[in-house]
Amino acid sequence: MKTILDKYQLQITIERLAYQLIENYSDLSSLVIIGIQPRGIYLSDKIFEQLKKIVPDKVIPYGKMDITFYRDDIRKELHSPNQTNISFSIEDKNVVLIDDVLYTGRTIRAALDALLAFGRPKKVELCVLINRRYSRQLPIQPDYCGKAIDSLISQKVKVEWDKEHVVLY
Amino acid sequence: MQLSTKHLLGIKDLHLRDIELILSTATQFKEVLQRPIKKVPSLRDTTIVNLFYENSTRTRISFELAEKRLSADTLNFSASGSSVSKGETLLDTVNNILSMKVDMVVMRHSASGAPHFLSKHIPAAIINAGDGINEHPTQALLDAFSIKEKCGSLKGKKIVLVGDIMHSRVALSNIYLLKKAGAEVMVAGPPTLIPKYIREAFDIRVEYNLKKALLWCDVANVLRIQLERQNQVLFSSLREYNLAYGVSRKLLESINKEIVILHPGPVNRGVEIDSDVADSKQSIILQQVENGVAVRMAVLYLLSNKQNFN
């Protein structure tokens, strides 16, 4: 087991990601953030909290999206769906999808499909905490990345929110 | 997460965790139905035939819509206008349809046990959409979903099934489900429409006085008088039935408490339930219909990977 981000590093990484979003969308009026269920929502919760701290006077629409029904491996294994809660329109908005670990890219492919059921966004970007490089099965790359790592297929990246660290098994 | 069964033939064969899985999956499908695009691609590789040997409005439309919302290909078959009138047997009909590469069968039949018979002879997943006087599992599931949505939980709730218990498949499926979920169940109606040994068979309450039943319950599921299945006189007239067992506004006001009213449809207005009750705020009849699509989507989704896909 190897620690990729410890408690302190995790905190400043989340802060940096929040600042990068503000830097890119200076007036924040068209920004919408969506956490991907089940594990991306812990990161999106933290980033959303951070954004509220930095710009308390702005209202940023924040939703959670489940992609279970859009998965491409449904015939291999059925997964339990989680709650989706997007109570605003994403039409013509800049949507930032948030997930914890980017690996094969298949979850994000499903998320892009799922997102279109809610409208036509102006632009979609991807924010991840950990980018596992050289393991993509689809042409998908993050726009905001906490940390890029090189790992073997046999290894597992785990973001443990209760212990506030990221480890590689 | 998997259902323990390959087919949905009845609530009788389900475990409580299967029921809970179907209801929790249905909650997520209900959210899908609120989206601007009310459709997901989950079953786009699946073909489903709706085999209706008996008339239906709600169940049939609800199943068809659920299949379409899941992107499945659908076929509709009704016995009238088909080769059934030329004498083709059920098994032959189904095998011919299946040879055209159909993956799942949704079936309603007037003979109790027809889907069970079919499940022993064909490889496709079968969903019972009502078989004779036996079971109507998806109706019981959507009733449970609607009660949970309105009242929070089924455990400990007092639920009365009113009316034609003898001929109602909705009643039987509801009794199985509610007992498994830990609700208290009562059946109420005229003695001629309540099977004699039902109390012992299911460990439920029986009440012949509607007012007493309503005073006891939190939720009343009012069932349709199934005239098409009654081949003898079981009560003197519809008017007399309405006077003794019809749920009326006056009766509800006299018990002085707010109970939730369900009805599986089609409603015989002025027989088992009066119009002003059916259309009132405490009736959740139309919510039941709305929830029916989400519940059926959940059932189809959860059974869809039970076949041997290559």
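Two residues are in contact here if their C-beta atoms, placed from the backbone, lie within 7 Å. Keep that in mind for the legends below, and remember that this is a predicted model.

**View 1. Contacts across chain A.** Take the contacts in chain A with a separation of 6 or more: 69% of them come from residues 24 or more positions apart. As for burial, 37% of the 169 residues of chain A count as buried.

**View 2. The build of chain A.** Chain A has 3 helices and 8 strands.

**View 3. The dimensions of chain A.** The C-alpha trace of chain A spans about 45 × 40 × 25 Å along its principal axes.

**View 4. Helices α1 and α5 of chain B.** Here helix α1 (residues 16-32) of chain B packs against helix α5 (residues 137-151) of chain B, at an angle of about 65° and with the axes 10 Å apart. Angles of 65 to 115 degrees count as roughly perpendicular, so that is the label for α1(B) and α5(B). The crossing of α1(B) past α5(B) is right-handed.

**View 5. Side by side at the α1(B) and α5(B) contact.** From α1(B), the contact uses B:Ile22, B:Leu23 and B:Ala26, while α5(B) brings B:Leu141, B:Ala144, B:Phe145 and B:Lys148. Sorted by class, the contact of α1(B) with α5(B) has 6 nonpolar residues, 1 charged and no polar ones.

Definitions and conventions:
Residues are numbered from 1 along each chain as its sequence is written. Chains are lettered from A and ligands numbered from 1 in the order in which they are written. This is a predicted model: local features need pLDDT of at least 70, side-chain atom pairs count only at pLDDT 80 or more; totals for chains, interfaces and linings use all residues. Axes are lines fitted to C-alpha atoms, for helices over the stretch in contact, and angles run from 0 to 180 degrees between N-to-C directions. Helices (H or I, at least four residues) and strands (E, at least two) are DSSP runs, numbered from the N terminus. Angles under 35 degrees count as roughly parallel, over 145 as roughly antiparallel, 65 to 115 as roughly perpendicular and the rest as oblique. A crossing is left-handed if the near helix is turned anticlockwise from the far one by less than a right angle, and right-handed if clockwise. Ala, Val, Leu, Ile, Met, Phe, Trp, Tyr, Cys and Pro count as nonpolar, Asp, Glu, Lys and Arg as charged, and the others, Gly among them, as polar. A residue is buried if 20 or more other C-beta atoms lie within 10 Å of its own, exposed if 12 or fewer, and partly exposed in between; C-beta atoms are placed from the backbone.
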